[in-house]
Amino acid sequence: MSRMTDLTKLTLAEARDGLAKKDFTSTELTDAHIKAIESGNSELNVYVLPTPEHALEQAKASDMRLAKKGNAGELEGLPLGIKDLYCTKGIRTTACSNILDDFQPAYESTVTQNLWDAGAVMLGKLNNDEFAMGSSNETSAFGPAVNPWRRKGSTDKLVPGGSSGGSSAAVAADLCLAATATDTGGSIRQPAALTGTVGIKPTYGRCSRWGIVAFASSLDQAGPLTKTVRDSAMMLKVMASHDPKDSTSVDADVPDYEATLNDGIKGLRVGVPKEYRIDGMSEEAVALWEKGIAWLKDAGATIHEISLPHTKYALPAYYIIAPAEASSNLARYDGVRYGLRKPGKDLIDTYEETRSAGFGAEVKRRVLIGTYVLSAGYYDAYYLKAQKVRTLIKGDFDKAWDEVDVVLTPTTPSPAFAFGEKSGDPLQMYLEDIFTVTVNMAGLPGISVPAGLSKEGTPLGLQLIGKPFDEATLLRVGQSIEDAAGRLAITERWWG
Amino acid sequence: MQADTKKSNKDSDNLIPGATGDWEVVLGLEVHAQVNSNAKLFSGASTEFGGAPNSHVSLVDAAMPGMLPVINKECVAQAIRTGLGLKAGVNLRSTFDRKNYFYPDLPQGYQISQFKQPIVGEGEVEIEVDGDTKRVGIERLHLEQDAGKSIHDQHPDYSYVDLNRSGVALMEIVSRPDMRSSKEAQAYVTKLRTILRYLETCDGDMDKGNLRADVNVSVRKPGDELGTRCEIKNVNSIRFIGQAIEHEARRQIDIIENGGTIDQETRLFDPKTGKTRSMRSKEEAHDYRYFPDPDLLPLEFEQAYVDELAKGLPELPDEKKHRMMDEYGLSAYDAGVLVAERASANYFEDVVKGLDNAKRDGKSAANWVINELFGRLNKEGQDISDSPVSADQIARIVNMIGSGDISGKIAKDLFEIVWTEGGDPGEIVDKRGMKQVTDTGAIEKVVDEVIAANPDKVEAVKAKPTMIGFFVGQVMKASGGKANPKAVNDILKKKLGVE
């Protein structure tokens, strides 16, 4: 193994420290990743647009800043992958949909701008489910990203989760030090769980949504996918900001999450919701949950069974609210101003041709569901009722916070599955989000931390749910799970 | 607030005769008023009129991916001011909804509007028609985005889109169906426009489309239930509003009287033909799929903010009118004419400031402003802001009439001189010897001459005293119009022995 490939195995924090110590340069670090992408991307399909030249330019500038004392940003010279949902100025942004064609934004999303301002380097745009609608990355117009994990003794390709499947797989396969992702119903945490990576969805309003292609505005939130909890702490600190351009972004202090990571969890009250013991959950997921409870107890936390009685309504309500907002958010893709246009014989025909050709099946399904539930005569029965459910779910958590500081659940009911296994059955696929959607519905922060392997040798994750804007506690508890579980390592690097 | 829907004694005048008897027309208006603001409702792009196509378009207005709306606080303040001006309740919490439909000049694929909870609730507007005062109820006022403009006449195969207007803030002001004639509807829009202009929340320029009305028309036999209504979209002049209503009411009456029924539909008024025609039926109506815009938080502010804005409001036309009647003794009509435009009211108030005795001469000043000045400006096609005669000059003229220094007739000559040549009216009167002669000795001399020259008329006036007018005319003529008419009268009566 050459020194250059070794560099890709570093965590974000290790790479930062190595740059500071001048063990290597950002150009070397970036180049190592570019080479890893060149050799691995054809099989993993994690990058839909590698941007090596852009990366090397940024790395060079970083090296110059690193050479001068006091000039380096918090993420100076660290190469990242960017989910293709983030608009990047002058660089093709598609949300992995044909409808955006070769759209090049004239603007940079606030979150990525924050990263560049901190000195980070962009390796390219990462694969995701089309418009972030999916749990396996199979709805991407570029074909799915592939999970670098395989089942023991099998060469079957597994899904990396979704929608941030390119992000999770790229981080797991060391094709970037860390990645940006977005989470509307579990799109950061579920892929994290399926790839043995860490993913945090911050409180709604913590990160600006400005410049991120919208799926469901009241649920969408940006967050990082990383190799370790510490790396997530580093990334979130930079990604989070109050943005006057996003009316739903919140003006709250962004603490130094890294500083409190090792403060321990003695006396912390951990809630275990009984409603999350659902039918169809794999035995190993249940066992791992028990293990997680034991770890936290050992670390000094107290465990409390709690009730979140409206949990079972969360998924159906989510699949009303999210498509409703999506049906409206995606109306702008009409072939008039940018992206794909398929000329028809008149205006209506042009709309139909363009949107038929531009959107994939899952997106169309959700636009249709969303249009239906907002229609006159159905609004009260579906959308309004779903909003009431949402209020009840928030109420469940508000009550829980009287008794506990964080809530511990599995991230997903089962580990990574094979391509095609669930894509034929949307309901089966939607169940992937069963433990994660409640968090989006309540606007709370949630983190998935790798906790162990299934009997097939694939990763499983545990989810921690926290109080609004208390990401610091989540990361601290996540660190203690990571300390107990150890990092999950891929034994066979079969790609590249 | 309950709108006054009591029938005025003139309501019978509004009825439209039909073959089966008289019909009553019922009208409700939705007025779209463009908010006076530098920037659009949810973006920083300019609202300036007349820019090159697509030159005032932000990323938000063009609905680029990932762009988000941010409310323009000035537009909110303008809506609150307008609400206060309409004596309406201002809602401290309101929400924005998306109205979803596809059209090329609607980049987002939805219009951000306020459907469920508008910023302003019920209010009222007082109108005056044929001397009768009536109150028209306001149901609500809400903020919404304007759409862009589709241009169909520039290319044989394509339509063009200009997004300069896209996202400009509109106030939709919805009235109750309280109007009963085209005159009332016209008076309502006129009055609304006056209020908006006073408040400076909308320039009211209908030519530019900055104020336009959707007119809801139905007809019924007096006392019956409301009939089925048709909505005439986007009527953009007060004259057209009248024509559209007259035509639409007649059309509906004819249909019903011929055994038909009215289909609820959206119609368009064609100014060329003076007729309305169907645009889309109820069945073709869009399902707008309204839902709360998740990109925007509820719009919330404190009562203290509303109170602060209220303090900054100007005197509104109705208050001003009543004050002018009280303070200067103006008639309701004159005061109404003066307050119709803020500029004319201001001009008049400036005239009053220059009066030596406003109580005595206020009415005269109003006459001069309305009849002489406005008449002349109208004739020349000029605006009050370009008036060659200043408020101060008018005041000086009126002062001299009031003090008896010049006669009304001379004053008219003086006005003509001031209009064409300018100058201080007092100096002109002095220099040109236009002062009224009140010296009884001088007048008596002229009277004697006139009596001596007309012995036959002296006989006649004894039989018919009104003949005195002949002598007055002769004396005035001989004095070059400068003799004080009252003094002339008194002296003539005495000398001729007429009572």
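This is a predicted model: local features need pLDDT of at least 70, side-chain atom pairs count only at pLDDT 80 or more; totals for chains, interfaces and linings use all residues.
Residues are numbered from 1 along each chain as its sequence is written, chains are lettered from A and ligands numbered from 1 in the order in which they are written, and side-chain values use heavy atoms, with hydrogens and water left out. A:Asp405 counts as buried at 16% relative accessibility, where buried means under 20% relative accessible area, exposed over 50% and partly exposed in between (1.4 Å probe, protein chains only). The loop that holds A:Asp405 runs between helix H13 (380–403) and strand S9 (406–410) of chain A; helices (H or I, at least four residues) and strands (E, at least two) are DSSP runs, numbered from the N terminus. Apart from neighbours within four places in sequence, A:Asp405 is in contact with A:Leu268, A:Arg269, A:Gly466 and A:Lys467, contact meaning heavy atoms within 4.5 Å.

**View 1. The contact between chain A and chain B.** Chain A gives 37 residues to the contact and chain B gives 30 residues. Together the two chains bury about 2,800 Å², 60% of it on carbon and sulfur atoms; buried area is the accessible area (1.4 Å probe) that two parts lose on being put together, summed over both. The count of salt bridges between the chains is one, a salt bridge being a side-chain nitrogen of Lys or Arg within 4 Å of a carboxyl oxygen of Asp or Glu. A:Arg209 forms a salt bridge with B:Asp295, and their closest N and O atoms are 3.1 Å apart. Between chain A and chain B there are also 16 residue pairs in polar contact, with both residues at pLDDT 80 or more; a polar contact is a pair of N or O atoms within 3.5 Å, of which, within protein, one must be able to donate a hydrogen and the other to accept it, while residues adjacent in sequence count only if both atoms are side-chain atoms. On the side of chain A that touches chain B, two or more residues come from each of helix H10 (314–329) and helix H11 (347–358), and the largest share, four residues, comes from H10(A).

**View 2. A:Ser328 at the contact with chain B.** A:Ser328 lies in helix H10 of chain A and is buried, with a relative accessible area of 0%. The side chains of A:Ser328 and B:Asn100 are joined by a polar contact of 2.8 Å. Leaving aside neighbours within four places in sequence, A:Ser328 is in contact with B:Arg98, B:Asn100, B:Gln108, B:Tyr110 and B:Phe291.

**View 3. Helix H2 of chain B.** Helix H2 (residues 182–199) of chain B has 18 residues and reaches 26 Å from its first C-alpha to its last, close to the 26 Å expected at 1.5 Å a residue, the expected span being 1.5 Å times one less than the number of residues. Because 14 of its 18 residues are buried, H2(B) is largely enclosed by the rest of the structure.

**View 4. B:Gly362 in helix H8 of chain B.** B:Gly362 is found in helix H8 (residues 358–380) and is buried, with a relative accessible area of 0%. Not counting residues up to four places away in sequence, B:Gly362 touches B:Tyr328, B:Leu330, B:Phe348, B:Leu355 and B:Asn357.
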